[in-house]
Amino acid sequence: RFVGIPTAPPDSILGLTEAFLADKNPSKMNLSVGVYKDASGQTPILKCVKEAERRLIDNETTKGYLSIDGLPDYREQVRSLVFGDSIDPSRVAILQTPGGTGALRVAADFIVAQLSPTRIWMPSPTWANHPAIFAAAGLPSETYRYLGSDRTSFDLAGMLEDLSQKTKPGDAVLLHACCHNPTGVDPTPEDWKAIAQTVAERQLIPLIDFAYQGFGEGIEQDKTGLNTLLEAVDEAFVCNSFSKNFGLYSERVGSVCLVAADNETMKAAQSQLKTIVRTNYSNPPRHGSAIVATVLQDPELTSLWIQEVDEMRERIDTLRQHFVETMKNTGSGHDFSFLLKQKGMFSFSGLTPMQVDELKSKHGIYIVGSGRINVAGMSEDKMDTLCQAVASVL
Ligand code: LMR
């Protein structure tokens, strides 16, 4: 019966937006969920997306079901965007999924169904939804060291030690390809070589979360870690998302890619992935994937897209610098210049849960409990107010 069902706690990221919407404070700011805003405070529809939608309105002939693995043109474009020429296409299964979260859940369900008993090793910290998705799928998770004890640097030695000493062959390891969420602290290309070597030596299966392609250093540059890993191992999962780099948040468009050692293995694994999708959401929605395919199949729209991604990334970098400088001028005596090395939408501020709480209750400023601030949601005109509030809670 329904009576007595306990209330679940609010989601640690999306729950904050619910609280923000209910907040009556007129100067409230939502810097929690990773959504990009332009100078006018809007989450814009990219120009390349608008143009693709115009073309779809004119040319689309059906709303019939897609196949279980999604739109073929979309999958082909994901293949070339994510893998380029580096992997034999006959070794890769690509399934269109409802966003990156959908991709992670399909991958987790697959690991439980086909590779049990296995565990997944996640960086500490990681995106709050990672452990929740794995738990919901029944996939046991463990953590490896990632962030140094100074809370600003990457602990490569700690990560390699944990992966070498604690994992078992066949375990999965979650890696953020770029723009580590929530810290923005990424491995260098040299670090990736060492990580890839350890992953290969320990016979771990990488599950690469690639949700922020283009927000680190550029669309091609952000593949460095992924390419290095895929040179070292012959089996992997890649979960990508077009929520951020196409601004297609609510269209829910992403993919789960499975790289196998050979075509025969890939085909068997692909059939199992399709079973998982069929018994969950049957087949994915068309519109978002049709937009992505339309843009990436057209050289002019593709260059417009690259330009728009570059603009978003550069604006975030400028806002981050602006935040660091404005914090300096508050006279708080707290140096935030470590944020300048961080990549992606977020800044890992080092604020404690108590300070985060005070920002919310006293100033109506919402950031994630870990101290993660969505830089992509900041605005130039509210920067002084934000920094004064941060200074007052320090
Ligand atoms: C985030 O970390 O804020 C984004 O990935 C959005 C989400 O679903 O949590």
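Colleague: Which domains does the domain assignment of the protein chain give?

Modeller: The chain is assigned domain 1 (14-44 + 301-393) and domain 2 (65-297), with bounds that come from an automatic or database domain assignment. This is a predicted model, in which local features need pLDDT of at least 70, side-chain atom pairs count only at pLDDT 80 or more, and totals for chains, interfaces and linings use all residues. Residues are numbered from 1 along each chain as its sequence is written.

Colleague: How many residues of domain 1 are in contact with domain 2?

Modeller: Two residues are in contact if their C-beta atoms, placed from the backbone, lie within 7 Å, and 23 residues of domain 1 are in contact with 23 residues of domain 2.

Colleague: What makes Ser282 count as buried or exposed?

Modeller: Ser282 has 10 C-beta neighbours inside 10 Å, so Ser282 counts as exposed. Phi of Ser282 is near 70°, again positive in a residue other than glycine.

Colleague: Which residues are around the ligand?

Modeller: A residue is near a molecule if its C-beta atom, placed from the backbone, lies within 6 Å of it, and the residues around the ligand are Ile13, Val33, Gly34, Trp127, Asn129 and Asn181.

How values were computed
A residue is buried if 20 or more other C-beta atoms lie within 10 Å of its own, exposed if 12 or fewer, and partly exposed in between; C-beta atoms are placed from the backbone.
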